[in-house]
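I opened this notebook to record what I looked up in one structure. The entries follow the order in which I consulted the model.

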Amino acid sequence: MGDKDLLLSDDSIESATVKKNVGKKVQNPKIPWYMAGGFVLFWASLFLAVVVPLFHRLPQGNTIEDASKGVFIAERAQDNLYDFAKIGIKLVGSDGNEHKTVQFILRELALIKANVREDYFDMETDHQIAYGSYLRNGAQYQYQGVQNIVVKITPKGSTSQNYLLVNSHFDSKPTSPSAGDAGHMIVTMLEVIRIITTSSEKLTHTIIFLFNGSEENSLQGSHGFISSHKWAPFCKIVINLDAAGSGCRELLFQTGPNNPWLVKYYKQNAEHPFATTMAEEIFQTGIIPSDTDFSIFSDYGNLVGYDIGLVCNGFVYHTKYDRYDVIPRGSIQNTGDNLLGLVRALANAPELADNTETGKAVFFDVLGLFFVSYSADDGKTLNYAVAGIAIVLVYVSLLRIADVSNVTSAQVLSWFVLILVLQVVAFVLGLALPIVIAYMFDKNGLSLTYFSTPALSLGLYVSPSLLGLALPSVIYLKLQKNEKLTYAHQLQMALHGHAVVLSVLGIAINYYGLRTTYVITWTLVFYVIPMALNLVTTLQDRGFSWTGIVKIIQVCPFLYNSYLFYTFIVILTPMMGRFGQTTNPDLIISALAALGTIFSMGFLILLINVSRRSGFILVVLLAISAATIYIASSTEIGFPYRPKTNVERVYYLHVRRTFYEYDGTVSKDESGYLFNFQDRRGSAPLVEANVDLAGMVSMASDCAKYMMCGVPYPDARYVKSRLNGTWLARDVPIEPSTDSPLELLSKTVLADGQTVRLEFKINFTDHSTLYIQPFEDVTISSWSLLDSLLASTPPYYLFFTYGVDGSPVNLTLEIKKSNGDFNVPLTQIGIGRQFMHTKGDLTAQKFAETFPDTAVLIEWPADYHRYIF
């Protein structure tokens, strides 16, 4: 006999005769335990066989033989990328960036221009050398001699004054050959220019391609273009291309602001869609330790558009391993197909003349196969509607259960309330158990165990989440003594309880205004459908027959939700290596894994209760978790770092700092290494590897005593984490540079007798920092820096960069003091200079050799001079 036959005896619910005792034999399921185990394995196999391959799927790269088809040729772009990467490090101010890379791009553009179809297009190239400054995140950013290469493609006969801007950057971080960030995008742009200018396809609007030479230095190249270039005022829409990884598909992670029509164009013209509203909302929280030129174009140019970036394999991001050989041709083809389609469509879009449409959109791709989008307003309505329908159908189903079971609806509702409470507990357990494990690992110094072995996340977080989701229902269904309802109906009520939990959660999040509510809504849609079908066909009254439709239709939300959360785990796991020491990264990854499990398997895991030994499945899940915890905590598999592929980032400067007092005497002159550890484990792995860090101390005490801790910070990231910085003194002094960074040119008391003007000349390096902190009894009334910076709280600081113009900077301060006594200390001035193009002295090089191969070093010499005037 099958399960259906056992459940549908003559005195079953379909006999329409009231039976006071159904009997335990009829109540209990009869499917063997191993069938339930196979059920769980089926979904795991479906994830591995469908989701993972589709996530990593790339198109076949076109070759030169396809050139006559007018399509993007990845082979040609890949050849360009080889030459680009061969240049090496492209740090602003370096020969690699300011000469070799600029000449490479200009040479390729000249080759393209020689083949332009001049009957269709005009092509102009402008080599911009930009100067400027702006305020951002409480600091002034100033640059001089920064280079941009700007290409203008104008359709013949076009009178449109509305331009499309396509941007990426060619500079790099120290040590990185930058093949992925953003050489991949640079060569893609070159190939798109080549395709467009050699085709006969007519366009309406002019296209500007901006190859900007200073993005890694706080987005200065894009500011130089949008604030001062002659073509900038005509740009209306921007496609910004960047990278936080290498060698995969590129993600659309920001669009707008507002202007939902942009999503429509992406949907129609991106051949390989990869986008989600969830990514946009996460990025806009500011928790991601990155920024892009898109924010400059939006803030200073009022442009709207797309922010698109490579997001996989972030382990190589900003390291020496961001090389040509980790980028497959298919990855370049993927980006090229999408960019070419978008550029052609937007260059004919009437919306460029009127992009005032307001509102937001909900958008997402489904396993890269197709793209779904609708307005945020429609999404809000849909979210409420689906949640409401789910609750109504659950209510109708409960009434039906009461009717066929010959009990009152009040009784069924009272039993359902208990089940609903249990499902709330299950939801909390499904989310909390992985987080508790993450917390305990971190408390014991074992964070990031999954960093190089992602499979550990399955045992550490997914299995405990499944255990938490299933445990309350298993216990309840084993212990309950309700003989008035069939076991099948009680199990069905458990699934209904989960649906109500999701519905209430969806309503709350939707009310809060998050467009990411769509994840809950579409999960519910694929439970509402089988619930309605089971009601209409009366399958819900026939034992476990209703589970068949549920299983079949749940394939859809399982595939999408597991794909979505897998995407974020793949993207964010490498980022956990640069989230800093103050954030427990395991909490983020465990929460993502838990939410992915809840949305993917929340309904499905309850179906293990069809088995006669569902408890055994829980024991297996517990055993998997226990084994994984042991492996992650007690074996080398759980060690986070691997040479070349999953490295620990170690940032430090070789610093000599000198403090000059008011009378010119030197009160401090010391040398040491200033560390800024990027991940939660900090220095512990290095100490375990026998790196001599004895005597390393926290910078917190220096931060309390000295202006900006008395050290030369190279960027805002160092400043933000300065209280967590550490200092390792060295016995051998770092040889000082021969030139003095600061020269007082004049000190003049003004006519009012209460103001003195100080004029200085500063010899910065291409990456430098200026700190200014007036003493308490004086104020700076005017200066040569931005007036808006004076509104911030001292100490004031400025990050300075130059590309091809290293001339000194003049600084003027007008300091006001009520008593007119200017023969006393008035202000402190600190100058930090980075020497990023050198390896440092022999002592520093020998120290670097002591680090293990699981660490990648980003380090260089720097000096700091503190003056009092």
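**Confidence and conventions**

I began with the confidence of this predicted model: the mean pLDDT (the predictor's confidence in each residue, from 0 to 100) of the protein is 94, and 96% of its residues reach 70 or more. I noted that pLDDT stays under 50 over residues 1-26. For that stretch the model has 29 contacts (heavy atoms within 4.5 Å) beyond four places in sequence.

I number residues from 1 along each chain as its sequence is written, and side-chain values use heavy atoms, with hydrogens and water left out. Because the model is predicted, local features need pLDDT of at least 70 and side-chain atom pairs count only at pLDDT 80 or more, while totals for chains, interfaces and linings use all residues.

**Aromatic pairs**

I searched the whole structure for aromatic pairs and found 49. Rings of Phe, Tyr and Trp (its six-membered ring) pair if their centres lie within 6.5 Å; planes under 30 degrees apart count as stacked, over 60 as edge-to-face and the rest as tilted.

I then examined Phe-760 and Phe-869, an edge-to-face pair with 4.9 Å centre to centre and 65° between the planes. Phe-760 lies in strand E15 (residues 755-762) and Phe-869 in the segment after strand E21 (855-868), so the pair ties together parts that are 109 residues apart in sequence. Helices (H or I, at least four residues) and strands (E, at least two) are DSSP runs, numbered from the N terminus.

Are these two residues buried or exposed? Phe-760 is buried at 0% relative accessibility, and Phe-869 is buried at 18%. Buried means under 20% relative accessible area, exposed over 50%, and partly exposed in between (1.4 Å probe, protein chains only).

I also recorded a cluster linked by ring pairs: Phe-47, Phe-55, Phe-274, Phe-364, Tyr-518, Tyr-560, Tyr-563 and Tyr-566. The charged end of Arg-249 sits over the ring of Phe-55, 5.5 Å from its centre. Arg-657 has its charged end over the ring of Trp-727, 4.6 Å from the ring centre. The criterion is NZ of Lys or CZ of Arg within 6 Å of the ring centre and within 35 degrees of the ring normal.

**Leu-491**

I located Leu-491 in helix H15 (residues 487-512), where it is buried at 0% relative accessibility. Leaving aside neighbours within four places in sequence, I found Leu-491 in contact with Leu-477, Phe-544, Trp-546, Leu-606, Leu-607, Asn-609 and Val-610.

**Strands**

I traced an open sheet of 4 strands in the order E14-E15-E19-E17, with antiparallel pairing. Two strands pair if DSSP finds at least two bridges between them. Strands E14 (742-749) and E17 (779-783) stand at the edges with a single partner strand each, so one side of each is left without a neighbour in the sheet. E17 is joined to strand E19 (residues 809-816) by 4 bridges, and Trp-783 stands opposite Leu-813 in E19.

Strand E18 (residues 796-802) was my last item: 7 of its 7 residues are buried. Tyr-796, Leu-798, Phe-800 and Tyr-802 point one way, and Tyr-797, Phe-799 and Thr-801 the other. Strand E2 (residues 139-155) pairs with E18 in the parallel sense over 5 bridges, with Thr-801 as the bridge partner of Tyr-143. Strand E16 (residues 767-774) pairs with E18 in the antiparallel sense over 6 bridges, and there Ile-772 has Tyr-796 as its bridge partner.
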